[in-house]
Amino acid sequence: MTAPLRSGDPIVVQVALGTRAYGIVIGRGLLASLGARIKALRPGARVAVVTDQTVARHHLPAAEAALKSAGIECARIVVPDGEGSKSYATFETVCEAIIAARIERGDLVIALGGGVIGDLAGYAAASVRRGVDYVQVPTTLLAQVDSSVGGKTGINSRHGKNLIGAFHQPIMVIADTALLHTLPKRQFGAGYAEVAKYGLLGDAAFFSWLESNWQDVFAGGPAREHAIAVCCRAKAGVVARDERETGERALLNLGHTFGHALEAGAGFSERLLHGEAVALGMVLAFEFSARIGLIGAADAERACAHLAAVGLPTHLKDIPGGAPGIDELMDLIAQDKKVKRGTLTFILVRGIGQAFIANDVDAVEVRAFLADKLAER
Ligand SMILES: NC(=O)c1ccc[n+]([C@@H]2O[C@H](COP(=O)([O-])OP(=O)(O)OC[C@H]3O[C@@H](n4cnc5c(N)ncnc54)[C@H](O)[C@@H]3O)[C@@H](O)[C@H]2O)c1
Ligand SMILES: [Zn+2]
């Protein structure tokens, strides 16, 4: 479905997971109804809101007012911004604060923030008292289309990102698109890479629609809600069919094996945001697919042209400070969890919207390809 919807009523996307099914509510200005929605879902529940300092400054007062107006008691737990908060130390702080707030079975944790807060608060909710329920209120585009849906929660290990965690599904996701007005444009663009990903991996019509409507998505017109809903519907479908990533869910990693290596090479820093690395990674996945004859050069050029048009990096030379050298890059790819002894697993494509899991990709071929890309000026 690619016809844009008029703005107005919220869009509800169901995640069909049997007794753990939940709704993703998408719309402009939904935060004002947070209290009423929580009260309807869980009358009498006590609530702890976990957020970061920046989101707290912009949106916590409105969230608290909405809860208060519905007569809901709430504690606030504010952690520093950024990936550094997905640590054992902050996890401990958050768990202890949730316990201190007397959140018990039947009560709720609310994750108000981007993917960092969703992953951290979700994992704390999964852990405190062996699991309390939580609601996701995603405030970045990335979180609204990706991380808030699907129940992957966790923190980082010194050995790598997201190595400590649990599957713990939220009981509701409230995606208020108006919250994105305060998001810096660069963060919005990084989230947009994941939006484009859904088109590139499984929905050619949506990708074409994005090519014509991306300006309105960025500007905050009605196309924004539509795009977010299409992404949530796609992710909800994949998650319902393959919750624990034994198969199809891996397609959501399009661009992520190359992307993670580049992100790690840049030290997970401001130099290269996750979504920017994914944009580069998707271009590489398309170009590699073209090189081994799966698609024609025109498809790779089209994917690249759209990502470049929205301002995302699409060439290795676009990375500030440069890309890692070929040896480091291959080491980083080999460390990625999607790699098994010698043969590499990549998500490759047979066309726009036709991604598949390729389990037997020749490492020598990948190395030659990346060496050529690194040599490009
Ligand atoms: N669980 C999953 O399935 C999943 C999927 C993808 C990514 N992730 C995780 O998500 C994280 C990245 O998430 P992210 O990109 O949302 O980053 P983030 O949570 O760090 O947010 C980015 C920055 O934007 C700020 N911010 C958030 N909302 C804002 C708003 N409305 N206005 C102004 N500033 C705002 C934050 O304070 C932060 O500084 C990574 O840790 C990644 O591992 C998880
Ligand atoms: Zn991603």
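## Contacts of Lys86

Lys86 touches Val116, Asp119, Gly154, Ile155, Asn156 and Asn162, leaving out residues up to four places away in sequence. Contact here means heavy atoms within 4.5 Å. This is a predicted model: local features need pLDDT of at least 70, side-chain atom pairs count only at pLDDT 80 or more, and totals for chains, interfaces and linings use all residues. Residues are numbered from 1 along each chain as its sequence is written, chains are lettered from A and ligands numbered from 1 in the order in which they are written, and side-chain values use heavy atoms, with hydrogens and water left out.

Lys86 sits in the loop between β4 (74-79) and α3. Helices (H or I, at least four residues) and strands (E, at least two) are DSSP runs, numbered from the N terminus. Lys86 counts as buried, at 4% relative accessibility. Buried means under 20% relative accessible area, exposed over 50%, and partly exposed in between (1.4 Å probe, protein chains only). The side chains of Lys86 and Asp119 are joined by a polar contact of 2.8 Å. Such a contact is a pair of N or O atoms within 3.5 Å; within protein, one must be able to donate a hydrogen and the other to accept it, and residues adjacent in sequence count only if both atoms are side-chain atoms.

## Around ligand 1

Ligand 1 is surrounded by 25 residues; the closest are Asp52, Glu83, Thr139, Thr140 and Thr182. To count, a residue needs a heavy atom within 4 Å of the molecule. A polar side-chain atom of Asp52 is 2.8 Å from an oxygen atom of ligand 1. Asp119 has a side-chain N or O atom 2.9 Å from a nitrogen atom of the ligand. For Asn162, a side-chain N or O atom lies 3.4 Å from an oxygen atom of ligand 1.

Leu183 lies in the loop between β9 (172-176) and α6. Leu183 is buried, at 15% relative accessibility. Beyond its neighbours within four places in sequence, Leu183 is in contact with Thr139, Thr140, Leu141 and Phe188. Leu183 and Thr54 are 129 residues apart in sequence, yet 9.9 Å apart in space, C-alpha to C-alpha.

## The zinc site

Glu194 (OE), His256 (NE2) and His274 (NE2) coordinate the zinc ion (ligand 2), at 2.0 to 2.1 Å. Donors are N, O and S atoms within 2.8 Å of the metal (3.2 Å for Na, K and Ca); water is not among the atoms, so sites may look incomplete. The spacing of the donor residues in sequence is E-x61-H-x17-H.

Glu194 in helix α6 (residues 185-202) and His274 in helix α10 (residues 274-291) are 80 residues apart, and the pair links distant parts of the chain. Glu194 is buried, with a relative accessible area of 0%. His274 is partly exposed, at 22%.

## Aromatic rings

Rings of Phe, Tyr and Trp (its six-membered ring) pair if their centres lie within 6.5 Å; planes under 30 degrees apart count as stacked, over 60 as edge-to-face and the rest as tilted. The count by this rule is nine aromatic pairs. Phe91 and Tyr123 are stacked, with 4.7 Å centre to centre and 20 degrees between the planes. Phe91 lies in helix α3 (residues 88-100) and Tyr123 in helix α4 (residues 115-127), so this pair ties together parts 32 residues apart in sequence. Both Phe91 and Tyr123 are buried.

Phe258 and Phe369 form a tilted pair: 6.2 Å centre to centre, 55 degrees between the planes. Both Phe258 and Phe369 are buried. One aromatic cluster is formed by Phe188, Tyr192, Trp214 and Phe218.
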